[in-house]
Amino acid sequence: LADGAEEDALRVGRENAEFLRAPGTLFYRSPYLRVRQTMDYILMGANLMSASGEPLVRVYEDPQLREVEHGYKDIDDQEPLREIHGWFYYRYEGGESPADCYDRCATFIESMMQQLRRKEGAKQVFICTHGLAARVLVMRFLYLSVEQFESIENPENCDIITIAPRDKLLQPQFTSRRWGVEG
């Protein structure tokens with residue numbers, strides 16, 4: 001993890017322990033090592049790790065939550081093509097576009113919602129993923145436009161993004177029907 005990231009993740013766990021420890025919370029993460037480590041430290045901060053270092057909650061690892069694949073060519077070399085084709089739709093050489101990530105996230109949300117309906121007592125979800133993937137999840141969940149998506153900056157390491165009923169949020173940046181997002 002980057003400098004200070006462990007302490008950031010422990011702090012997130014401590015500050016959100018009530019939410020994380022609530023019965024019926026489902027946990028999901030990307031399979032990439034840095035996200036695995038971040039999730040472990042968040043769970044440590046919330047006292048949800050055993051003495052042997054095993055999570056005390058079930059954590060679902062989903063490859064659909066991975067970050068956008070940037071391919072094999074230097075990103076900066078592809079900038080002119082990104083400007084021509086549009087940042088959201090440009091597919092990196094040997095990689096994918098944010099639109100591809102959107103498709104993955106749409107499938108993830110559908111399966112997550114099915115699991116919420118199936119799991120008795122499941123009430124809320126905690127997802128640990130990457131910056132662009134987090135933005136795409138918000139975009140898909142709230143049905144934001146590409147322009148709205150592009151107005152959102154990638155979150156910093158361990159930033160919290162909350163999607164909840166709009167009447168439960170103090171200052172939502174975006175709303176869609178009964179849902180809103182903060183963070």
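Start by selecting S97, which is buried at 2% relative accessibility (buried means under 20% relative accessible area, exposed over 50%, partly exposed in between, with a 1.4 Å probe and protein chains only). Before moving on, note that residues are numbered from 1 along each chain as its sequence is written. You are looking at a predicted model, where local features need pLDDT of at least 70, side-chain atom pairs count only at pLDDT 80 or more, and totals for chains, interfaces and linings use all residues, while side-chain values use heavy atoms, with hydrogens and water left out.

**Stop 1: around S97**

S97 sits in the loop between α4 (79-85) and α5; helices (H or I, at least four residues) and strands (E, at least two) are DSSP runs, numbered from the N terminus. Now show the neighbours of S97: setting aside residues up to four places away in sequence, S97 touches V68, F88, Y89, Y90 and R91. Contact here means heavy atoms within 4.5 Å.

**Stop 2: helices α5 and α6**

Next, select residues 98-118 for α5 and residues 131-142 for α6. How do their axes cross? They come within 9 Å and cross at roughly 65 degrees. The axes are lines fitted to C-alpha atoms, for helices over the stretch in contact, with angles running from 0 to 180 degrees between N-to-C directions. The crossing of α5 past α6 is right-handed (left-handed if the near helix is turned anticlockwise from the far one by less than a right angle, right-handed if clockwise).

From α5 come P98, C101, Y102, C105, A106, F108, I109, E110 and M113, and they meet L132, A133, V136, L137, M139, R140 and F141 of α6. These residues divide into 14 nonpolar, no polar and 2 charged; Ala, Val, Leu, Ile, Met, Phe, Trp, Tyr, Cys and Pro count as nonpolar, Asp, Glu, Lys and Arg as charged, and the others, Gly among them, as polar.

Staying on helix α5, pick M112, which is buried at 6% relative accessibility. Beyond its neighbours within four places in sequence, M112 is in contact with Y28, V125 and I127. Try the distance tool on M112 and V125: they are 13 residues apart in sequence and 8.8 Å apart in space, C-alpha to C-alpha.

**Stop 3: the nonpolar cores**

Which residues have the most contacts inside the largest nonpolar core? Select Y28, C101, F108 and L142, within a core of 29 residues. Such a core is a set of buried Ala, Val, Leu, Ile, Met, Phe, Trp, Tyr and Cys residues joined through side-chain atoms within 4.5 Å. β1 (25-29), α5, α6 and α7 (146-150) each supply at least two residues, and α6 gives the most, with 8 residues. Zoom in on L142: leaving out residues up to four places away in sequence, L142 touches F174, S176, W179, G180 and V181. Apart from this core lies another, of 16 residues, including L43, L48, M49 and C158.

**Stop 4: two cysteines**

With a disulfide taken as a pair of cysteine sulfur atoms within 2.5 Å, the count is 0. Select C128: the nearest cysteine sulfur is that of C158, 7.1 Å away. C128 is buried at 7% relative accessibility, and C158 is buried too, with a relative accessible area of 14%.

**Stop 5: two positive phi values**

Finish with Y143, in the loop between α6 and α7. Y143 is not a glycine, yet its phi is positive, about 55 degrees, and Y143 is partly exposed at 48% relative accessibility. Then hop to R177, in the loop between β5 (174-176) and β6 (179-182). R177 also has a positive phi, near 55 degrees, and is exposed, with a relative accessible area of 57%.
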